[in-house]
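Welcome! Here is a friendly briefing to read alongside the structure. Please take a moment to look it over before moving on to the notes.

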Amino acid sequence: SPVISEHEITGFDAVEWTLANGVKVVYRESSQEGNKLALKAYSPGGTSLYEEDMLPTVEMTVPFVKACGLGDYDAMALKRKMESKGLKCEASIRELNEYVIASALPEDVESMLQLVYMTFAQPRFDREVFGKMMAQQLMQSRMQGMNLLQDTVKRLQNGCHPRVLLKNAAYFGKVDLDKIEQVYRERFSNAGDFTFFITGNIPAAELKPLVEKYIGSLPSVGSREKWIDRGIRPFRGKRECEIEFMGLPSSIVVLSMGKEMEDNIRHAVCLQALKNILQTRSMNVIREKEGGTYAVNVNESVVHEPAARYNLVVEFQCNPLNAGKLKDIVYGELERLQQQAPSRDELMMALNSIRKKEGEARESNVYWQEKLVLYYRTGLNQADVREFEEIVDKLTPEDFLEFVREFWENVDITDVVFKPKS
């Protein structure tokens, strides 16, 4: 079906095409990554639209279809086809959305769009594959490995909400093959509920007829979905727990801190600066006191929906006897950061690192794709380079201190120590 309307998207150097089947396609032509083309099709909804007893089935739907293949290709034949041309294409169902991502060289754009078409319109469902896959998953779930540890961390970070499940034998026992096809079709059969974002180095006039041919022929009904806020949030206040875990050579400490705050570029820059400064300070103090035998990893992230939430996660491995002492060092540095502003030099070092990272990221197609997706989801333009530069240029140690105090006031902390089980 043809493009029936198009308009420029101000601030992104992109164009939006609306197809006759109701699908919107956003294209940003760019030669930044000359030999790469990236696509993301995004739709709100996800697992949030299903009741709790359906979650194992919903969460295993995409892995199952991936194990079966698409169209005339079983999984192995599909893998060979994709590898021969360097193509990537995969679907995903998350808590609040579902999406399809794909990438290719510009000369293989048609092959990529064929794969995207098949992902939406020609999934395969094979009972024999289901039996083998479930047996494999059950066997893996019985081994208390890193997957279980990561599932446990995720569950604790989300306040042990009943919708955040551990993938154990009981979980896999609830996966219902007869409902998997229904779920996949509910999530992916209405392309009209998706917005397709494409970035890359191919003339718009060349891409448009291929978009009309493949994305334009996807089935579409008029209905639009929205995710449901199921109230999945971290524990309020501070929650500490120690868990004994089989097969660990040392203790693993995960300190997760989060706060709901206004969603803007200034807060995002301040959070990144806090991450950089805390990482450097913690490492320096631990090297001085413990002889540099431990590496501390600090990561930050911003979750935009269902509510804007700013997260800081500190992780390290250590001798079980030293877990408490090293935690105290990290908390001590956080305490210092909210009592006294960093020096101008220390803040400048963090901000220069952020500016460099942002500059490098802006050279990639995926950066622009994600910023466009965020703009369509929330109305926030976080790709505004002038606003970013102005914030980085004008941020003072006192401004940073104000942010740290706001972040730290009533912050939610989940403090987890995994210890070797003797």
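## Salt bridges and a buried strand

Arg377 counts as partly exposed, because its relative accessibility is 29%. Please keep in mind that this is a predicted model. The notes below begin with charged pairs, then turn to a strand and a loop residue.

**Arg377 and its partner**
- The side chain of Arg377 meets that of Glu305 in a salt bridge, at 3.1 Å from N to O.
- This pair links distant parts of the chain, 72 residues apart: Arg377 belongs to helix α12 (residues 365-378), while Glu305 sits in the loop between β12 and β13.
- Glu305 is buried, as its relative accessible area is 11%.

**Other salt bridges**
- The structure holds 29 salt bridges.
- One of them joins Asp178 to Arg127, with 2.6 Å between the closest N and O atoms.
- Here too, distant parts of the chain are linked: Asp178 is in helix α7 (residues 177-188) and Arg127 in helix α4 (residues 127-142), 51 residues apart.
- Both Asp178 and Arg127 are exposed.
- Lys327 forms a salt bridge with Asp415, and their closest N and O atoms are 2.9 Å apart.
- Lys327 lies in helix α10 (residues 323-339) and Asp415 in strand β14 (residues 412-420), so this pair ties together parts that are 88 residues apart in sequence.
- Lys327 is buried, with a relative accessible area of 11%, and Asp415 is buried as well, with 1%.
- Salt bridges with shared partners also join Asp229, Arg233, Arg236, Glu260, Arg309 and Asp412 into one network.

**Strand β4**
- Strand β4 (residues 37-44) is largely enclosed by the rest of the structure, because eight of its eight residues are buried.
- Leu37, Leu39, Ala41 and Ser43 point one way from β4, whereas Ala38, Lys40, Tyr42 and Pro44 point the other way.
- β4 pairs with strand β8 (residues 97-104) in the antiparallel sense over eight bridges, and Ser43 stands opposite Glu98 of β8.
- β4 also pairs with strand β9 (residues 195-200), again in the antiparallel sense, over six bridges; Leu37 has Gly200 of β9 as its bridge partner.

**Ala308 in its loop**
- Ala308 lies in the loop between β12 (297-303) and β13 (309-318).
- With 14% relative accessibility, Ala308 counts as buried.
- Ala308 and Glu260 are 48 residues apart along the chain, yet their C-alpha atoms are separated by 5.7 Å.
- Leaving aside neighbours within four places in sequence, Ala308 is in contact with Lys259, Glu260, Met261, Asp263 and Val303.

Note on methods:
Residues numbered from 1 in each chain as written. Predicted model: local features only at pLDDT ≥ 70, side-chain atom pairs only at ≥ 80, totals over all residues. Heavy atoms only, no water. Buried < 20%, exposed > 50% of the residue type's maximum accessible area, 1.4 Å probe, protein only. Helix = DSSP H or I, 4+ residues; strand = E, 2+ residues; numbered from the N terminus. Pairing = 2+ DSSP bridges. Contact = heavy atoms within 4.5 Å. Salt bridge = Lys/Arg side-chain N within 4 Å of Asp/Glu carboxyl O.
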